[in-house]
Each structure stands twice: as structure tokens, then as C-alpha cells.
Amino acid sequence: MNDQQLLRYARHILLDELGIEGQEKFLAARALIIGAGGLGSPAAMYLASAGVGHITLVDDDVVELSNLQRQLLHTTESLGQPKVESGRRTLHAFNPEIVVEAIADRLREDALYAAVAAADVVLDCSDNFATRHQINRACVHHRKPLVSGAAIRFDAQVSVFDLRAGASPCYHCLFPEADDVEEANCATMGVFAPLVGIVGSVQAAEALKLLSGIGETLAGRLLCLDSLAMQWRSLNVPRDPACAVCAGR
């Protein structure tokens, strides 16, 4: 690291658990963030400011006025622009030294698998079950750690799915794929703005812990938040030995 980097990341370097070695891991890391909205905004901002060297931001949507209540990557001047381009400008404003790759598309099949394969950690900041299951399958296939978050109304949940840890479940173990699942989204049910900030920040913290190898992650646990009561619950999540996605892997 050069002198400017030593100064920029000094408060991380002062942490015994991280130090220069941990910060250098951040600088060399590649993070894939799928979703540049409410969850992806704080997650990306913290990874960028922490010095994660290469961030791939994926979203096929454009910035709308209703996004600005909670999606802090974007400003009024970004209206009508692709979220990933708006996000890239914001992240570079935080940290011009990092590489931000913007993909204004909804990755599927080969493209998704290739993006996951190139990443050291994957953050699922999407807003629908179909995408979450596709991301999970790609992460299971490539044995990449997945940090998954979700928020609706005043309730949220976050977990880590990391098959490198033998007993860790995958997303499908917890939420089996089903054709009759009722989709809930912010557009129809609303969401408390600070809630996505809290969950996205937790996702960033888990991703940084995974990249540096410090602490205990949420693998095998589901962290749930009721923001009206401001109460957290931690639930143990076992691996499903008959899971259609991760069994035998």
C-alpha cells in the first residue's frame, strides 16, 4: 500500500483483527453485487469505502423518483439513468482508486455463472425469489460465499450461505423454490427507508468478514429484524440433506 492508502484505510489497519494484511485482502478482492437499489446502495458504498478493489454492480433498472426515498446510491440528477451508471459515479466519488464494473442487464444462465465464478464474494441485493434462486444455484455450483438480504415493510432478514463450511445450508435449504410462492415487493407493500440501510450495512459487514477471514459469519443462521420494535432474532438454519440444489456438494 502507498502512503495515501495507509492514511485512507488507517482506521481499519488499527484493528488488530484486520491490520495491513486484512486491508490488502480487501484491495485484492472482487465483489459481485446484484441489485443497485435499497440494499445494494449501502452495501456497495461500504465495500467501496473499505477499499474492495473490484466491485461489479448488476441491475437492469433505471432510477425513478420513488427510488430516492431509500436508494442512496442515486440522486435527483440521476433520474432516468441506469442505476448501475449512477451507482458507479457515486462509488467512484467515495473511492476513485477502486474499479467499478457496471452491468446494466439482468444476468442469466452462462453470464450469471461467469460473473459468480469471477467473484470472491456475492451479495444478493435483488428483490424477487426467481433471481435469488438463480444466484444461489450459481454460488452453489462455484462454491462462492453468498450474502443474502431482504426487506419489506418493517421486517427484514439477512444470512450467509457458504458451502465452504461443511454444515452451511444454501438459500434453497431455507426457502425451497415453489411455483405458487406469493411475491411481495416494495412497489406494492412499501418499505421503511432506514430498514434497507441497516440490512445492506449488515451485508457489507458480512462480506468484509468473509473477504478477510475474520470473525464468525451468519452462515447457518438467519438474522431477522422487526424495525417497529427494533428487535433482532437469530435463528439456526440447518442444511437440508435432501436439498435439490446443494445435496451432495
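**A colleague's note on this predicted model**

1. Let us start with helix α3. The buried residues of α3 pack against α2 (10–13), α4 (40–50) and α10 (193–212). Here, buried means under 20% relative accessible area, exposed means over 50%, and partly exposed is in between, with a 1.4 Å probe and protein chains only. Helices (H or I, at least four residues) and strands (E, at least two) are DSSP runs, numbered from the N terminus. Contact means heavy atoms within 4.5 Å.

2. A word on the model itself. This is a predicted model, in which local features need pLDDT of at least 70 and side-chain atom pairs count only at pLDDT 80 or more, while totals for chains, interfaces and linings use all residues. Residues are numbered from 1 along each chain as its sequence is written, and side-chain values use heavy atoms, with hydrogens and water left out.

3. Which residues of α3 (residues 19–28) are buried? They are Gly19, Gly22, Gln23 and Phe26. These residues lie on the same side of α3 because they cover an arc of only 95° around the axis; the arc is that of the directions from the helix axis to the C-beta atoms. On the other side of α3, you will find Glu21 and Ala28 exposed.

4. Now look at the nonpolar cores. A nonpolar core is a set of buried Ala, Val, Leu, Ile, Met, Phe, Trp, Tyr and Cys residues joined through side-chain atoms within 4.5 Å. The largest one has 42 residues, and Leu47, Leu91 and Leu123 have the most contacts inside it. Helix α10 supplies the largest share of this core, with nine residues. A second, separate core has 16 residues, including Ile34, Ile103, Leu112 and Phe161. As background, nonpolar side chains tend to be buried together in soluble globular proteins.

5. Leu47 deserves a look of its own. Leaving aside residues up to four places away in sequence, Leu47 touches Ala31, Ile33, Val52, Ile55, Leu123, Ala204, Ala207 and Leu208.

6. How do α4 and α10 pack? Their axes are 7 Å apart, and the angle is about 40°. That angle makes α4 oblique to α10. Axes are lines fitted to C-alpha atoms, for helices over the stretch in contact, and angles run from 0 to 180 degrees between N-to-C directions. Angles under 35 degrees count as roughly parallel, over 145 as roughly antiparallel, 65 to 115 as roughly perpendicular and the rest as oblique. The crossing of α4 past α10 is right-handed; a crossing is right-handed if the near helix is turned clockwise from the far one by less than a right angle, and left-handed if anticlockwise. On the α4 side, the contact is made by Pro42, Ala43, Tyr46, Leu47 and Ala50. On the α10 side, the residues include Val196, Gly200, Ala204 and Leu208.

7. Helix α6 (residues 109–118) and helix α7 (residues 129–142) have axes that come within 9 Å and cross at roughly 50°. This makes α6 oblique to α7, and α6 passes α7 in a right-handed crossing. Leu112, Tyr113, Val116 and Ala117 of α6 meet several residues of α7, among them Gln134, Ala138 and His142.

8. Two residues have a backbone angle to check. Most residues other than glycine have a negative phi. Glu109, however, has a positive phi near 45°. Glu109 is in helix α6 and is exposed, at 61% relative accessible area. Met230 also has a positive phi, of about 50°, although it is not a glycine. Met230 sits in the loop between β7 (221–226) and β8 (231–236) and is partly exposed, at 48%.

9. Not counting residues up to four places away in sequence, its contacts include Arg30, Leu32, Val147 and Leu211.

10. His172 is buried, with a relative accessible area of 12%. Beyond residues up to four places away in sequence, His172 touches His133, Asn136, Glu177, Cys243, Ala244 and Val245. Ala130 lies in helix α7 and is partly exposed, at 42% relative accessibility.
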